[in-house]
Amino acid sequence: MPVGAASARGTMAAMTTDTTGTVARHGEPRRGGPADSPFVRACRREPGPHTPVWFMRQAGRSLPEYREIRANVPMLESCRRPDLVAEITLQPVRRHGVDAAILFSDIVVPVAAAGVDLDIVPGTGPVVAEPVRTADDVERIRPIGRDDVSYVDEAVRLLVAELGDIPLIGFAGAPFTLASYLVEGGPSRTHAKTKALMYGEPELWHALCARLAEVTLSFLRVQVDAGVSAVQLFDSWAGALSEADYRRYVLPHSTAVLSGLADAGVPRIHFGVGTGELLGAMGEAGADVVGVDWRTPLDVATRRIGPDKAVQGNLDPCVLLAPWPVVETEVRRILDQGRAVPGHVFNLGHGVLPETDPDVLTRVVALVHELSARPVE
Ligand SMILES: Cc1c2[nH]c(c1CCC(=O)O)Cc1[nH]c(c(CCC(=O)O)c1C)Cc1[nH]c(c(CCC(=O)O)c1C)Cc1[nH]c(c(C)c1CCC(=O)O)C2
């Protein structure tokens, strides 16, 4: 069981709270808290007791307890209720024993707080009432502060107290991925309208991305100030771009977000799907850890990213639907590759699919811990 999981499991009777407010277990020496956890150590490329593992979209529809709690609550409303956010965030920690929790929220939450009229439609994703396509539309996206997302501040504080030594990951969507939802009006396979605006009206494009970077940075600042131990910037759809276009149209804005957190003292993870050709640039944006999908082996990724960053990934989420021996072989292969890189956080190459058997996730966590266990000096 990971350190501090007893807290997340709700056995608070076995806990004491020291003068710094940090929960410690009876009979155990005080440790360094989440900053000393296997997850944060791997992000810093420091050795730890085992390879840490968590799953993108671990809080969500693969869990029956999630479906139950969300039964009559719309997605955006659930993101705005700190009690629900805390409970849903803790569900996968209790069930799987993962090495990190990720805040339950969505990439469009700060954009909604900035005044964009949108909803998250079940089975579809974010849908924007009036797509953003003109300079006036961009102007209507207001800068945000703590008061606009006080429910996130509150939820993070609740969670940090409850999680003890287990780190909480905060997150936000990167400017390109957010811009795609805003310009298209919803999910898109080709991002055609987004790219048309990018190529056709570069000034407007840069104004939109600069505004989104500002909103994103403020949103992440609120989470850092409330106590998250790491942040992940999701640029899920950046892989739709060539490296040259990524560098020209996107990199300056994602850099504004990540470099804006250089003084925050928490690891910054930068993730996208289909970004094999962009990995070097995504590292340059100011990441400490670069997320890698299943298309690029971790050792190849590290050659592209450089030795001064850790990598996170990269099991194909579809492998979890295969028979267990296949899952085991793939986990072993990824851990072997992970041994050859400066720091490895085990994860999927993209989010958990809703049809995934949660017991398989639990088994993967145990297997990663078992196969990677090592003595620490
Ligand atoms: C692109 C993107 C979105 N949201 C997110 C991304 C980036 C990650 C990625 O690439 O998958 C990020 C996200 N969304 C959610 C989380 C929660 C934390 C976690 O467990 O990882 C995170 C990190 C909850 C969610 N966000 C959403 C759900 C499903 C809502 C439900 O339960 O009805 C959850 C749990 C909705 C959502 N929101 C979005 C999509 C594409 C969807 C799925 C649409 C669907 O298939 O229903 C936008």
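Predicted model: local features only at pLDDT ≥ 70, side-chain atom pairs only at ≥ 80, totals over all residues.

Trainee: OK, and where is H191 found?

Mentor: H191 sits in the loop between α9 and α10 (192–200). Helices (H or I, at least four residues) and strands (E, at least two) are DSSP runs, numbered from the N terminus. H191 is not a glycine, yet it has a positive phi of about 60°.

Trainee: Which other residue has a positive phi although it is not a glycine?

Mentor: R57, with a phi of about 60°. R57 lies in the loop between α2 and α3, and it counts as partly exposed because it has 17 C-beta neighbours inside 10 Å.

Trainee: What else is in that loop?

Mentor: H50 is found there, between α2 (38–43) and α3 (64–69). H50 is partly exposed, with 18 other C-beta atoms within 10 Å.

Trainee: Which residues does a cis peptide bond join?

Mentor: G313 and N314, with omega at about -5°. N314 lies in strand β10.

Trainee: Good, that gets us to the sheet. What's the strand order?

Mentor: It's an open sheet of 7 strands, β3-β6-β7-β8-β9-β10-β11, with parallel pairing. β3 and β11 (344–348) are at the edges with a single partner strand each, so one side of each has no neighbour in the sheet. Two strands pair if DSSP finds at least two bridges between them.

Trainee: How does β11 pair with β10?

Mentor: Strand β10 (residues 310–315) runs parallel to β11, and 5 bridges join them. V311 has H344 as its bridge partner in β11, and Q312 has V345.

Trainee: Is β11 enclosed or left open by the rest of the structure?

Mentor: 5 of the 5 residues of β11 are buried, so the rest of the structure largely encloses it. H344, F346 and L348 point one way, V345 and N347 the other, and all are buried. In general, side chains of a regular strand alternate between the two faces of the sheet.

Trainee: And how many residues of β6 are buried?

Mentor: 6 of 6 in strand β6 (residues 168–173), so to speak mostly covered. L168, G170 and A172 are on one side, I169, F171 and G173 on the other, and all of them are buried.

Trainee: Which strands does β6 pair with?

Mentor: Strand β3 (residues 101–102) pairs with β6 in the parallel sense over 2 bridges, and I102 has I169 as its bridge partner. Strand β7 (residues 230–234) pairs with β6 in the parallel sense too, over 5 bridges. There, G173 stands opposite F234.

Trainee: Switching to helices. How do α9 and α11 cross?

Mentor: The axes of helix α9 (residues 175–184) and helix α11 (residues 202–226) come within 9 Å and cross at roughly 115°. That makes α9 roughly perpendicular to α11. Axes are lines fitted to C-alpha atoms, for helices over the stretch in contact, and angles run from 0 to 180 degrees between N-to-C directions. Under 35 degrees counts as roughly parallel, over 145 as roughly antiparallel, 65 to 115 as roughly perpendicular and the rest as oblique.

Trainee: What about α8 and α11?

Mentor: Helix α8 (residues 150–163) packs against α11 at an angle of about 30°, with the axes 8 Å apart. α8 and α11 are therefore roughly parallel to each other.

Trainee: Last topic, the ligand. Which residues come nearest?

Mentor: A59, G60, G125, F234 and S236, out of 23 residues around the ligand. A residue counts as near if its C-beta atom, placed from the backbone, lies within 6 Å of the molecule. F234 is the residue in β7 that stands opposite G173.

Note on methods
Residues numbered from 1 in each chain as written. Buried ≥ 20, exposed ≤ 12 C-beta atoms within 10 Å, placed from the backbone.
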